[in-house]
Amino acid sequence: MELMVPTVSDVIFKYTWSIANYKKTISKSSSIDSPHFELNVNGIHSSWNLSIRFWKGPEGKRITNPVVLCLNILNCIVEEVEQAKIRFQFGVFNADVKHWEYCHVSRTVLELKSNNEIISLGYRDLSIVDRHLKKNGEVDLMVKIQIIQCESEKHNLSQDMAKLLKHPRTADTKLICGGLSGTVIPVHSSIIIARSNVLAEMLSPISDSSINNELQSKRDEDKNEYMEVQYLFSLELLDICKETMDELLRYIYSDHVDNLDNLAPQLLFLAKRFCLQGLKELCERNLIETITPDNVASRLLIADEFSCESLKRASLAYCEENITVLNKSLAWKMMEQVNPELFNEVCEAGMGSSRSSNIDDSELSN
């Protein structure tokens, strides 16, 4: 097991499973289990393994390709029951080009408690073909695991700062987002000013007469009473939807983002707009982690638009190493038309003339 550099909020662990004589092993075994491995993070002691299981065909015959790769937690020891988010990603080693091929990132929420019950957290159909077989017949499989404890269970500065968003007793700024519906979120001008010079310049003072009219009754969720919020400033960001605004504020207050897998492109745009370098780096690392044949063209366009050099290098390397599995998409055609310099750079990196985006609409829809 290998400890990797943190990507979003917590440590990522990487475990590699080498299966000797792969074809012979799967032909004789009804199931295959990896050796167990231990994870110890933030007081959570857990034991895990990978397993291979098989589908059965219509006649009940075992299918050996694709196989079902599963991630299982074998036991867990915690002081108190708590919920945690588990992010994991499977990979298989391409022996021809000496490069890992990654599956999509999967996520689940698990109630962690001390027990010895085996729990399967997720699985992925995985096709093992000739390029995955080493000369000695060995196949390497891999999983990356990230355990993210819920905010209420973590007692550090960033998580305590995030609680200000849930209990805005001292909020002095009325942030308005969500278009014409005008969703109001109470925020703190001191935090906004400290985090972004751009947002600081957008704060508009509310006149004394307006302040008297801006006293609003808001329910205190803990005590079921009403409190008065007096706004001194307003901040209008009507072009940002509530869901994206919530994640942007989570980063501004706590340096963390919970929904990067779905919102990384949108948050990357906002990171550039509001000069939030840390958020840009979080988004860029997430986009690198989730490169696939289907989205690598879009990743290249994003990297070029937002000057993400690491994402661009990773995407170009992915094109060069996975030329045979790249999928035709509208993004390639768009790249060739609107950014021919980038398209030529990709071709020079290894795509070649055979990957021209000049394909008809029926191919684009596949």
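Trainee: What should I know about the model before reading it?

Mentor: The model is predicted, so local features need pLDDT of at least 70 and side-chain atom pairs count only at pLDDT 80 or more, while totals for chains, interfaces and linings use all residues. Residues are numbered from 1 along each chain as its sequence is written, and side-chain values use heavy atoms, with hydrogens and water left out.

Trainee: How many salt bridges does a search of the whole structure find?

Mentor: Side chains of opposite charge can pair when their charged atoms come close. A salt bridge here is a side-chain nitrogen of Lys or Arg within 4 Å of a carboxyl oxygen of Asp or Glu, and the search finds 11 of them.

Trainee: Which helix holds both aspartate 246 and lysine 242?

Mentor: Helices are DSSP runs of H or I with at least four residues, numbered from the N terminus. Both residues lie in helix 6 (residues 242-254), 4 residues apart, about one turn of the helix, and their side chains meet in a salt bridge at 2.8 Å, N to O.

Trainee: Is lysine 312 buried or exposed?

Mentor: Buried means under 20% relative accessible area, exposed over 50%, and partly exposed in between, with a 1.4 Å probe and protein chains only. Lysine 312 is buried at 15%, whereas glutamate 345 is partly exposed at 30%.

Trainee: What does lysine 312 form with glutamate 345?

Mentor: Lysine 312 forms a salt bridge with glutamate 345, with the closest N and O atoms 3.1 Å apart. Lysine 312 lies in helix 10 (residues 309-321) and glutamate 345 in helix 12 (residues 340-351), so the pair ties together parts 33 residues apart in sequence.

Key: Helix = DSSP H or I, 4+ residues; strand = E, 2+ residues; numbered from the N terminus.
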